[in-house]
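Thanks for coming. I have one structure to go through today, so please look at it on the screen while I talk.

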Amino acid sequence: MRNIHQLLCTTTIPPYLLVLVLLPTVNSHGNATMSSHTSNKQNSHKLSSQLLFEINLHGFLLWASLGFLVPVGVLIIRMSNREQCGRRLKILFYIHILSLILVMAGAVLSLRSLENSFNNYHQRIGLVLYGLVWLQALIGLLRPHRGTNKRSVWFFLHWVLGTAVPLLGIINIYTGLQAYHKKTSRSTRLWSIIFTAEVSFIAFFYLFQDKWEYIQKQGVILGNESIRPTNQDKSPTDNEKEPVA
């Protein structure tokens, strides 16, 4: 028994030798961990830059469509109610097509690359907007002829959706600016001011052009109207001058 114990003691590796043997392995494992952590940081930085670009592109596409082209289209169709102009209607058609393409591009980008947990108002309103835009386009293609009973129902639905889409689009742009500020910690005050000025100008022009024809008529009537005295304005001398039958 003593011999076996002595044999084990003589063949046991000393502790300092174990440290020397295992040290390179530990160092190599530590270096691998550090290099992996560094590469993850670099990948995360690249990913965040790409994500930031996609967020900016998404915001630009939705502003260009719902924040600019759709309100301009509403103005054009409002001005075309009293004047049948083929060129203006063609411009309106192209604006609708372009805005639909931009909306779909922004939708595909958000669903493919951005986070979509739908836990905030911006994403929920955006999802509703995507559906309303396609529904409005489908209703536009199914327009019935004038004079039929379906025409009034179609016009009401088309008008409701045509009003709801730009209003929800404007609201969602403001919520998108708030979401962008929370996501990137960057100030969006300047963009909010610029967009508010744009919306205010479009709203003023929408109300002004509705009354522009009336204002012009008022000026024409007042300029060409001749003042004729009434019987009450006649003086007694004028009554004396009138011949008696």
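Predicted model: local features only at pLDDT ≥ 70, side-chain atom pairs only at ≥ 80, totals over all residues.

Start with the core. In the largest nonpolar core there are 23 residues, and Leu-66, Val-103, Val-133 and Val-165 have the most contacts inside it. At least two residues of this core come from each of helix H2 (15-79), helix H3 (86-113), H4 and helix H5 (149-184). As general background, nonpolar side chains in soluble globular proteins tend to be buried together. Take Leu-66 as an example. Setting aside neighbours within four places in sequence, Leu-66 is in contact with Val-103, Val-133 and Val-165, and also with Pro-71, Leu-129 and Gly-169.

The largest pocket holds about 1800 Å³ of space. It is lined by 45 residues, and those closest to its centre are Ile-77, Leu-92, His-96, Gln-136 and His-158. H2, H3, H4, H5 and H6 each give at least two residues to that lining, with the largest share, twelve residues, coming from H5. Sorted by class, the lining has 29 nonpolar, twelve polar and four charged residues.

Gln-136 sits in helix H4, which runs over residues 121-141. Is Gln-136 buried or exposed? Its relative accessibility is 15%, and buried means under 20%, so Gln-136 counts as buried. Not counting residues up to four places away in sequence, Gln-136 touches Leu-157, His-158, Leu-161 and Gly-162. His-158 is also among the residues closest to the centre of the largest pocket.

The second largest pocket has a volume of about 1300 Å³. Of the 42 residues lining it, Gly-59, His-122, Gly-176, Leu-177 and Tyr-180 lie nearest its centre. Two or more residues of this lining come from each of H2, H3, H4, H5 and H6. H5 supplies the largest share here, eleven residues. The lining divides into 20 nonpolar, 18 polar and four charged residues.

Last, the loop residue. Ser-185 is found in the loop between H5 and helix H6 (189-224). Ser-185 is not a glycine, yet has a positive phi of about 60 degrees. For background, most residues other than glycine have a negative phi. Why does Ser-185 count as exposed? Because its relative accessibility is 62%, and exposed means over 50%.

That is the end of the tour; I will take questions now.

Conventions. Residues numbered from 1 in each chain as written. Heavy atoms only, no water. Helix = DSSP H or I, 4+ residues; strand = E, 2+ residues; numbered from the N terminus. Buried < 20%, exposed > 50% of the residue type's maximum accessible area, 1.4 Å probe, protein only. Contact = heavy atoms within 4.5 Å. Core = buried A, V, L, I, M, F, W, Y, C linked by side-chain atoms within 4.5 Å. 1 Å grid on protein atoms, 1.4 Å probe; cavity = no way out; pocket = protein on both sides within 12 Å on 5 of 7 lines; lining within 4 Å. Points joined across faces, edges and corners; volume = space filled by probe spheres on them. Nonpolar A, V, L, I, M, F, W, Y, C, P; charged D, E, K, R; others polar.
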